[in-house]
Every structure is written in structure tokens, then in C-alpha cells.
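Reader: I would like to learn how to read a few features of a model. Please take them one at a time.

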Amino acid sequence: MAGTVFASIFSGYTVVGIPNEAYNFGWKSIRWLPAIFTIIWAYFGTMLRLRRASNIRNHQTPVDFITDRYQSQILRYTILTLQALPAAVFLAAQVASIKNTINAMFGLSPDAVWPVIVINMIILIFEWVGGLSSVALTTPSRLWLWCFRLLRSLACSPPSSLRGRT
């Protein structure tokens with residue numbers, strides 16, 4: 001479970017961000033580890049109890065829990081909005097990141113939008129076929145891939161804090 005949370009938190013940032021940061025700033029990139037562990041411990045402190053309650057009360061979403069607990073439709077839609085807005089911002093950032101990464105990888109114009117449209121269509125097909133269960137099944141492999149990439153990045157090109165030292 002901790003590995004799944006760890007890999008999911010980094011998700012898209014692991015592809016380019018953290019290995020690049022380790023390359024450019026050296027061991028300063030280790031700062032991500034304690035930050036993530038605090039999130040994981042907070043997750044374990046709350047989510048295990050909420051999961052048990054959701055199984056007993058048959059909640060399907062976090063909004064169901066709020067509705068069941070407080071019996072307020074206004075609060076229900078407020079929570080729904082507070083969940084949807086950050087998700088929309090996150091989705092927009094992911095689409096922009098995919099566009100920048102794909103265009104840079106293939107030497108395309110930074111303004112080319114067709115590659116990101118194709119990639120997003122592929123993502124939607126995968127979501128339609130497997131949905132979140134496919135994400136849950138692939139997350140542990142992404143964790144190990146992230147660890148391998150970070151170690152390879154550190155081994156193949158020493159961090160800037162170690163360059164020039166013998």
C-alpha cells in the first residue's frame with residue numbers, strides 16, 4: 001500500500017522531473033522522500049478507518065461519506081466542487097506536461113497539439129478498457145521503474161554537487 005501511494009503521488013513527475021532534478025541539483029532532490037512519507041502516514045492514519053466505515057455503510061465515493069455523516073446536500077455539492085476544481089487544474093497541468101514532454105522528445109514545435117491529442121486518445125482507450133483497476137495493477141511496477149530511473153540517473157551522471165570532485 002505504501003508503495004502504491006508513493007508511486008501515485010509522483011506519477012507524471014517521475015518521468016522527467018525528479019531524475020532531472022537529481023541530475024541538476026544533486027542530493028537536494030532527496031527532500032522529496034520525507035515529504036512523501038508524511039503524506040503516506042497521514043493517509044494511513046485516516047484512510048484505513050474511512051475504508052472500514054465505507055464498507056459497512058456502502059459508500060462509493062468520499063462525497064457519499066460526507067452526505068451520510070452530515071446529511072447536508074449543500075455540503076455535499078460544496079465538497080464535490082472542492083474535489084472537482086483541483087482535479088481539473090491537475091488534469092490541465094498533466095496535459096500541458098505531456099505536450100511539452102512529447103514535443104521535446106520528438107523535436108516537434110512546442111505549439112504542436114496533435115501529439116497530445118493522440119496520446120490522450122490512447123489514455124482514454126486504456127481507461128475505457130481497464131479503468132482504475134489497470135492503474136492499481138500497474139502502480140507497483142511504476143514505483144520500481146521510478147526507483148530504477150532515479151538510481152540510473154545518479155549512477156550514470158553524478159549530481160552537480162559531486163561533479164568535478166575526485
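Reader: How many salt bridges does the structure hold?

Author: This is a predicted model, and the structure holds one salt bridge. The side chains of R57 and D68 form the pair, at 2.8 Å from N to O. The bridge links distant parts of the chain, with R57 in helix α3 (residues 32-57) and D68 in helix α4, 11 residues apart.

Reader: Are R57 and D68 buried, partly exposed or exposed?

Author: R57 has a relative accessibility of 51% and therefore counts as exposed, the cut-off being over 50%. D68 has a relative accessible area of 25%, so D68 is partly exposed.

Reader: At what angle do α4 and α5 pack?

Author: Two packed helices are described by the angle between their axes and the distance between the axes. Here helix α4 (residues 62-70) and helix α5 (residues 73-105) pack at about 155 degrees, and their axes lie 9 Å apart. Angles over 145 degrees count as roughly antiparallel, so α4 and α5 are roughly antiparallel to each other. Their crossing is right-handed.

Reader: Which residues meet in the contact of α4 with α5?

Author: On the α4 side they are P62, V63, D64, I66, T67 and Y70; on the α5 side, Q73, L75, R76, I79, L80 and Q83. The residues of this contact divide into seven nonpolar, three polar and two charged.

Reader: Which residues is V95 in contact with, leaving aside its neighbours within four places in sequence?

Author: V95, in helix α5, contacts V116 and N120. V95 and N120 are 25 residues apart in sequence and 8.0 Å apart in space, C-alpha to C-alpha. V95 counts as partly exposed because its relative accessibility is 30%.

Technical notes:
Residues numbered from 1 in each chain as written. Predicted model: local features only at pLDDT ≥ 70, side-chain atom pairs only at ≥ 80, totals over all residues. Heavy atoms only, no water. Axes fitted to C-alpha atoms, helices over the stretch in contact; angles between N-to-C directions. Helix = DSSP H or I, 4+ residues; strand = E, 2+ residues; numbered from the N terminus. Parallel < 35°, antiparallel > 145°, perpendicular 65-115°, else oblique. Left-handed = near helix turned anticlockwise from the far one by under 90°. Contact = heavy atoms within 4.5 Å. Nonpolar A, V, L, I, M, F, W, Y, C, P; charged D, E, K, R; others polar. Buried < 20%, exposed > 50% of the residue type's maximum accessible area, 1.4 Å probe, protein only. Salt bridge = Lys/Arg side-chain N within 4 Å of Asp/Glu carboxyl O.
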